[in-house]
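Have the sequence and the 3D view open as you read.

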Amino acid sequence: MKKHSELIKNLVLSISFGLLLWFAFPPFRTGFFAYFALVPLLILLDRLKNYYQVLRYSYLGLVIFHALTIYWIGGWSAKTDVFMELGSIALILIHPIFYWVPISIYFFIKKYFSGKAALFFFPFLWNAIEYSRSVEETAFPWLTLGNTQSYYLPLIQITSFIGVYGLSFLIVVFNVLIFIAYKNYRYMSLRFALNKIAIVVIILLILFIYGKIVINDVDPPGKQLRIAMIQPDFD
């Protein structure tokens with residue numbers, strides 16, 4: 001009975017982080033989900049005992065995330081080339097394996113060193129895999145966490161200095177802080193938890209205020225024009 005209960009909890013956590021990541025990306029205007037989408041994954045990694053469990057449960061959540069977010073790559077119409085559809089399925093099944101690298105290293109550090117050290121390195125590990133899979137022959141520019149903030153114009157003005165990967169790094173830091181707040185609330189006290197949440201809120205406020213200043217400071221000369229980009233509808 002206990003094993004069955006543990007299995008259900010692990011599955012719920014795995015599915016939850018996959019769904020939260022999905023809701024964080026466009027076309028949904030809920031990019032704030034990205035700030036805590038990885039928290040179920042971190043809770044899950046705290047519960048698991050070995051690498052087999054880590055790879056199995058993390059893969060489930062990542063496949064759900066990929067399948068729901070980039071399913072459209074396959075076209076999925078009567079006129080679509082079958083090889084394009086097969087390529088889409090292969091991408092959805094294989095690309096999540098890239099994320100095993102930061103997740104496995106995180107689990108290794110946590111298991112053989114300390115949980116604090118693992119949490120410290122986690123944003124760097126996640127950021128490294130996002131950047132490394134965007135260059136050379138493995139280039140895949142989608143699913144970068146920084147892209148979840150597309151609809152928050154003031155917040156993304158900071159990318160002029162730190163780029164989209166810097167924004168991704170901040171988002172993972174938010175996840176780590178919220179995870180620590182969750183553990184503080186569960187094992188220590190609400191006061192310690194609120195301290196971590198306050199840091200997240202303060203950083204977001206600073207980014208928002210800076211972004212509003214930058215946007216309001218723009219004074220385009222001449223006549224204003226409305227423009228649009230239209231994507232062609234062909235495979």
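## A buried threonine

T69 has a relative accessible area of 11%, so it counts as buried. Please keep in mind that this is a predicted model. T69 belongs to helix α3, which covers residues 51–69. Leaving aside residues up to four places away in sequence, T69 is in touch with W22, F25 and L143.

## The overall fold

Now zoom out to the whole chain. The protein chain has 8 helices and 0 strands, and from the N terminus on its elements read α-α-α-α-α-α-α-α.

Of the 235 residues, 40% count as buried. If you take the contacts between residues at least 6 apart in sequence, 68% of them join residues at least 24 apart.

## Salt bridges

How many salt bridges does the chain have? The count comes to 3. One of them brings together the side chains of E6 and R47, at 2.8 Å from N to O. E6 sits in helix α1 (residues 2–24) and R47 in helix α2 (residues 39–47), so this pair ties together parts that are 41 residues apart in sequence. Both ends are partly exposed: E6 has a relative accessible area of 30%, and R47 has 23%.

D46 takes part in a salt bridge with K110, at 3.7 Å from N to O. This pair links distant parts of the chain, with K110 in helix α5 and D46 in helix α2, 64 residues apart. D46 is partly exposed, at 31% relative accessibility. D46 also meets K183 in a salt bridge, at 3.0 Å from N to O. Because K183 lies in helix α7 (residues 159–187) and D46 in helix α2, the pair ties together parts that are 137 residues apart in sequence. K183 is partly exposed, with a relative accessible area of 29%. Through shared partners, D46, K110 and K183 are joined into one network.

## The surface

The protein chain exposes about 14200 Å², and carbon and sulfur atoms supply 69% of that area. A nonpolar patch on the surface has about 1100 Å² of accessible area; among its members are Y71, W72, W76, F83, I97 and W142. I97 is in the loop between α4 (82–94) and α5 (100–112), and at 36% relative accessibility I97 counts as partly exposed.

As for charge, the chain carries 19 positive and 11 negative charges, and their mean positions are 20 Å apart.

Note on methods. Residues are numbered from 1 along each chain as its sequence is written. This is a predicted model: local features need pLDDT of at least 70, side-chain atom pairs count only at pLDDT 80 or more; totals for chains, interfaces and linings use all residues. Side-chain values use heavy atoms; hydrogens and water are left out. Patches are made of residues with over 30% relative accessible area and no salt bridge: like charges are joined within 9 Å, nonpolar side chains (Val, Leu, Ile, Met, Phe, Trp, Tyr) within 5 Å. Accessible areas come from the Shrake-Rupley method with a 1.4 Å probe; for residues, only the protein chains shown count as cover. A salt bridge is a side-chain nitrogen of Lys or Arg within 4 Å of a carboxyl oxygen of Asp or Glu. Helices (H or I, at least four residues) and strands (E, at least two) are DSSP runs, numbered from the N terminus. Buried means under 20% relative accessible area, exposed over 50%, partly exposed in between (1.4 Å probe, protein chains only). Contact means heavy atoms within 4.5 Å. Lys and Arg count as positive and Asp and Glu as negative; His and the chain ends are not counted. The place of a charge is taken as NZ of Lys, CZ of Arg, CG of Asp or CD of Glu.
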